[in-house]
Amino acid sequence: MHRTSGVAGFRRGAVRLFSAAIGAALLVSCGTDAEQASPASSPVVSSPSSSVAVSSSEPAPAGCGAPELARLTLRQKLAQRLVVGVTGAADARQVVADEQVGGIFIGSWTDLSMLTDGSAKKIAESADVPLMVSVDQEGGRVARLSSLGIDLPSAREVAAGATPAQVRAQARQAGEAMAKLGITVDYAPVVDVSSQNDDAVIGDRSYSADPKVVAEYAGAFARGLQDAGIMPVYKHFPGHGHSSGDSHTGAVRTPPLSELKNTDLAPYRTLLKNPGDAGVMMGHLIVPGLTAPDTPASISPRAINLLRTGTGYDAPPFDGVIFSDDLSGMKAITDKYSIDRAVLRAFQAGLDIGLWLSTDAVSKVLNTLEAAVKSGKLRRDRVDASVVRILRAKGVLDC
C-alpha cells in the first residue's frame, strides 16, 4: 500500500500499541453472514491466527496484522471500528477508558477547550491503540474550528479564485494547525459534483459542476492535509451533488447509477489511483440501478462493493478505510433503525467504521455487534479485515 505522511499524526502513539493491559490473545475463526454479500475481488488470506479479507488491489502478505489482531479481544476489535462524537474532555476520556473506541469526533456541540488545553492529545496518548481524533473541517459553512482561527473559504469560492497549488498550501497550513491541537482525521474534502445554489445541502461545499475540476481541487486539498500529517476523507460516495434533498431530514435519492458514472462518481476514478492513507465516507443515498429501492448506500453491500472493486464505474479498486456518514442524527437512517441496528447493518454491508454523534449508546452497540458475531450474522474474518485497514491508516501496519 502506498503510504504518505498522512499517518504521521498516529505514529507517535503506535509504539504503545497492544500493551500488556490489553487482554489475552484470541484465535480467529470464520463465521457466516447470509445478509452480507461477498465482494467478488476480496480473496481471503489465511494464517494460523488470522483470516483477513483484503481487496485484490492490495494483496497483503499472509498473516498481515496477525500478531496485532491476536492481542485484541473481539470487543476491542469491534470498538476499533467505532468513532463517536464527544461533548468534551471528560466524555472523551470516559469512552476511551471504558470501551477503547477507535476514535472520537469533534462536533459543533463539543467544548473545544479539550483541543486548546491539550486534553485531546493526552487522551490519545492514553489509548493502547492510536486514537482517531476527527473533525468536519471543510471550510466555508462547515468549519468546526473557525473559532480557533482555523478556517478556509468554501470549496466553490476556493475553486473560483485559487490554483490547485494554492489550495494544497492552504490545506497544509490548516492541517498543521489541526495537528497541533491533536486532530488526526478530517472529514474533507467534499467530492460531490454540483451546480446547486450555494445554500443547498451541498451547494458551495462542492468545488464545481465539472468533475475534472472537482478531482483536481479535492486532490490538492487532500494532499495538503496529508502533507501536514492529517488523514483526509473523501465524501460523500457515490455522490450527493445531484440528490433529491438532505439526508439529515429524510430519505434521499440520486439520479441512476448510469448518470452518476459521468458526474459524481467521475472524480473518484482519478482520486483513488493514488489515495495514500485517505478514507472515503459513504453517503445515505438511494441510487437507482445500484441500491435497493429503500436502502441507502451506507448500508448497501452493492454500493460498498462498487467502491471496493471499482467495477461498474471504471475506477481503481479501493482498499482503504470506508466510513459511514453520521448514523444517529440523519433521518435517512434514524427513521428506520436504532443506532445499534444501523451500525450492524453498515458493518454487514462492508463498512469499516461506524460514525455517530454521542457516546451514550457505545456499550449497547458493542453488545449488539458481539452478539451478531457470535451468532454468525457478522463474520469474524470481516471484522479482522476492517481492523487491519484501520491499523494501516493509523500507521501501525505497513503490510
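In this predicted model, the axes of helix α4 (residues 89-99) and helix α6 (residues 119-126) come within 10 Å and cross at roughly 5°. Axes are lines fitted to C-alpha atoms, for helices over the stretch in contact, with angles running from 0 to 180 degrees between N-to-C directions; helices (H or I, at least four residues) and strands (E, at least two) are DSSP runs, numbered from the N terminus. Helices α4 and α6 are therefore roughly parallel to each other, a term for angles under 35 degrees. Residues A89, A92, R93 and V96 of α4 meet S119, I123 and S126 of α6, where contact means heavy atoms within 4.5 Å.

The model is predicted, and local features need pLDDT of at least 70, while side-chain atom pairs count only at pLDDT 80 or more and totals for chains, interfaces and linings use all residues. Residues are numbered from 1 along each chain as its sequence is written, and side-chain values use heavy atoms, with hydrogens and water left out.

The secondary structure of the protein chain comprises 16 helices and 12 strands. Of its 399 residues, 63% count as buried, that is, under 20% relative accessible area (1.4 Å probe, protein chains only), with exposed meaning over 50% and partly exposed in between.

Phi of Q100 is near 55°; Q100 lies in the loop between α4 and β4 (103-106) and is partly exposed, at 29% relative accessible area. D314 has a positive phi of about 60° and is exposed, at 72%.

Definitions and conventions:
Parallel < 35°, antiparallel > 145°, perpendicular 65-115°, else oblique.
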